[in-house]
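Please work through the exercises below with the sequence and the model side by side.

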Amino acid sequence: RQMCIRDRNSNVFSIGLLDQYHLQIPSEIAEPFIANKQSRVKVKATFNSNSIEFYAALKKDKNTDDYKMMFGKRLQKSLGVLQNDYFQMQLSEDTSKYGVDMPEELDAVFQTDHEAFTIFESLTPGKQRSIIYTIIRIKNTQTRIDKALIMCANLKRGETNPMKLFK
């Protein structure tokens with residue numbers, strides 16, 4: 001059984017790092033998602049007693065026709081895996097609105113600034129995710145709120161370049 005569409009989860013499979021930042025996802029795992037026009041997936045990875053969940057994109061390698069997924073150092077470190085380790089992984093349908101969970105601080109700022117939220121909603125999904133990831137990477141709650149307020153002011157001034165939105 002490849003993937004049961006009813007539960008929208010792949011089977012659990014074993015995987016190791018392809019290179020420094022990528023995983024090669026078996027075709028039989030990736031293709032049911034791709035066929036369903038879902039290149040973005042929610043991922044659960046487990047290694048020893050560590051378990052993490054994150055969102056990722058399935059990308060087809062133009063040269064080999066294999067499917068790859070980014071798995072950067074931050075994720076490797078939080079799972080506790082090294083270059084030659086194998087770990088368990090399961091993919092599931094991404095049912096989130098933005099391909100990532102909205103941080104509550106950003107959500108709260110958007111609830112008080114309808115104009116900025118309307119502009120945010122008009123941005124491409126990639127720009128929306130970029131903004132959300134920028135806020136998520138900030139550890140301090142007050143700094144998250146401050147950066148969200150700066151970003152809203154910049155959106156209302158017409159700035160949509162993610163590199164300039166938080167300055």
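Two exercises with worked solutions follow.

The model is predicted, so local features need pLDDT of at least 70 and side-chain atom pairs count only at pLDDT 80 or more, while totals for chains, interfaces and linings use all residues. Residues are numbered from 1 along each chain as its sequence is written, and side-chain values use heavy atoms, with hydrogens and water left out.

**Exercise 1.** Determine how β5 and β6 pair, and in which sense.

Step 1. Helices (H or I, at least four residues) and strands (E, at least two) are DSSP runs numbered from the N terminus, and two strands pair if DSSP finds at least two bridges between them.

Step 2. β5 and β6 pair in the antiparallel sense over eight bridges, and within this pairing Val-43 has Phe-54 of β6 as its bridge partner.

Step 3. Two residues lie between the strands of this hairpin, and Asn-48 in the turn has a positive phi of about 55 degrees.

**Exercise 2.** Work out how helices α5 and α6 are oriented, and which residues make their contact.

Step 1. Helix α5 (residues 125-136) and helix α6 (residues 141-156) pack at about 150 degrees with their axes 9 Å apart, where axes are lines fitted to C-alpha atoms over the stretch in contact and angles run from 0 to 180 degrees between N-to-C directions.

Step 2. The two helices α5 and α6 are therefore roughly antiparallel, a term for angles over 145 degrees.

Step 3. Ile-131, Ile-135 and Ile-136 of α5 meet Arg-144, Lys-147, Ala-148 and Met-151 of α6, contact meaning heavy atoms within 4.5 Å.

Definitions and conventions:
Angles under 35 degrees count as roughly parallel, over 145 as roughly antiparallel, 65 to 115 as roughly perpendicular and the rest as oblique.
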